Amino acid sequence: MISPLNRLADLRNHAGALLSAVFAALTAIFAKVGVAQINSDFATLIRTVVILFVLAGIVVATGQWQKPSEIPGRTWLFLALSGLATGASWLAYFRVLKLGDAARVAPIDKLSIVMVAIFGVLFLGEKLNLMNWLGVVFIAAGALLLAVF
């Protein structure tokens, strides 16, 4: 039996994930309007600078700053790789968003959900059951239906 505290934690996690989805949707809409009059790479730079300042303010204001010298090398490596992947993703996304409809571009971008599931199994040893895989197939099919038809 699942305890009430575990259910509350699950509810908070789902609410946070839903909030993330709302902000991701707003990101696509705001970016589509914002990139219309300028170069997509420059638009990505502006977005990145805004994120940098907001996150720096949050980290400092909440006392979460850590000494960079205390962060393990492996952590630096994988966070740097993540940053490079994020940058490449944003550059590609903004370039395509400038050219296409947000309602057709965003679903293709969300195929990353499918790729995360596959990569999680292949590289992180995560386990997905039959229902999970069915969800992955539905996400892929839905994204393709939105983007292509």
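User: Which residues make up the largest nonpolar core?

Analyst: In this predicted model, the largest nonpolar core holds 10 residues in all: Ala28, Ala31, Val35, Ala43, Tyr93, Phe94, Leu97, Ala102, Val105 and Ala106. The helices α1 (4-34), α3 (73-99) and α4 (102-109) each give two or more residues to this core.

User: What makes such a set of residues a nonpolar core?

Analyst: The members must be buried residues of kinds such as Ala, Val, Leu, Phe and Tyr, joined through side-chain atoms within 4.5 Å.

User: Why is Ser40 called buried?

Analyst: A residue is buried when its relative accessible area is under 20%. Ser40 has a relative accessibility of 8%, and therefore counts as buried. This residue is found in helix α2 (residues 40-61). With residues up to four places away set aside, Ser40 touches Val35, Phe94, Arg95 and Lys98.

User: What share of the protein chain is buried?

Analyst: Buried residues account for 15% of the 149 residues in the protein chain.

User: How do you know that the length of α3 agrees with its number of residues?

Analyst: The expected span is 1.5 Å times one less than the number of residues. For the 27 residues of α3 this gives 39 Å, and the end C-alpha atoms are 39 Å apart, so the two values agree.

User: What is the overall make-up of the protein chain?

Analyst: The protein chain has six helices and zero strands, which follow one another along the sequence as α-α-α-α-α-α. Along its principal axes, the C-alpha trace spans about 55 × 50 × 30 Å. Among contacts with a separation of 6 or more, 71% are between residues 24 or more positions apart.

User: How does one find where empty space is left?

Analyst: Rolling a probe the size of a water molecule over the atoms shows this. The largest pocket has a volume of about 760 Å³. It is lined by 20 residues, of which Leu52, Leu55, Val59, Trp76 and Leu79 are the closest to its centre.

User: What classes of residue line the largest pocket, and which element supplies the largest share?

Analyst: The lining of the largest pocket has 13 nonpolar, seven polar and no charged residues. Helix α3 supplies the largest share, eight residues; both α2 and α3 supply at least two.

User: What is known of the second largest pocket?

Analyst: The second largest pocket holds about 620 Å³ of space. Of its 18 lining residues, Ser82, Ala85, Ser112, Val116 and Phe119 are the closest to its centre. Two or more lining residues come from each of α3, α4 and α5 (112-124), and α5 gives the most, with seven residues. By class, this lining has 10 nonpolar, five polar and three charged residues.

Terms used:
Residues are numbered from 1 along each chain as its sequence is written. This is a predicted model: local features need pLDDT of at least 70, side-chain atom pairs count only at pLDDT 80 or more; totals for chains, interfaces and linings use all residues. Side-chain values use heavy atoms; hydrogens and water are left out. Buried means under 20% relative accessible area, exposed over 50%, partly exposed in between (1.4 Å probe, protein chains only). Helices (H or I, at least four residues) and strands (E, at least two) are DSSP runs, numbered from the N terminus. Contact means heavy atoms within 4.5 Å. On a 1 Å grid over the protein atoms alone, a cavity is a set of points where a 1.4 Å probe fits but cannot get out, and a pocket is an open set with protein on both sides within 12 Å along at least five of seven lines; lining residues have an atom within 4 Å of a point. Grid points are joined across faces, edges and corners, and a volume is the space filled by probe spheres set on the points. Ala, Val, Leu, Ile, Met, Phe, Trp, Tyr, Cys and Pro count as nonpolar, Asp, Glu, Lys and Arg as charged, and the others, Gly among them, as polar.
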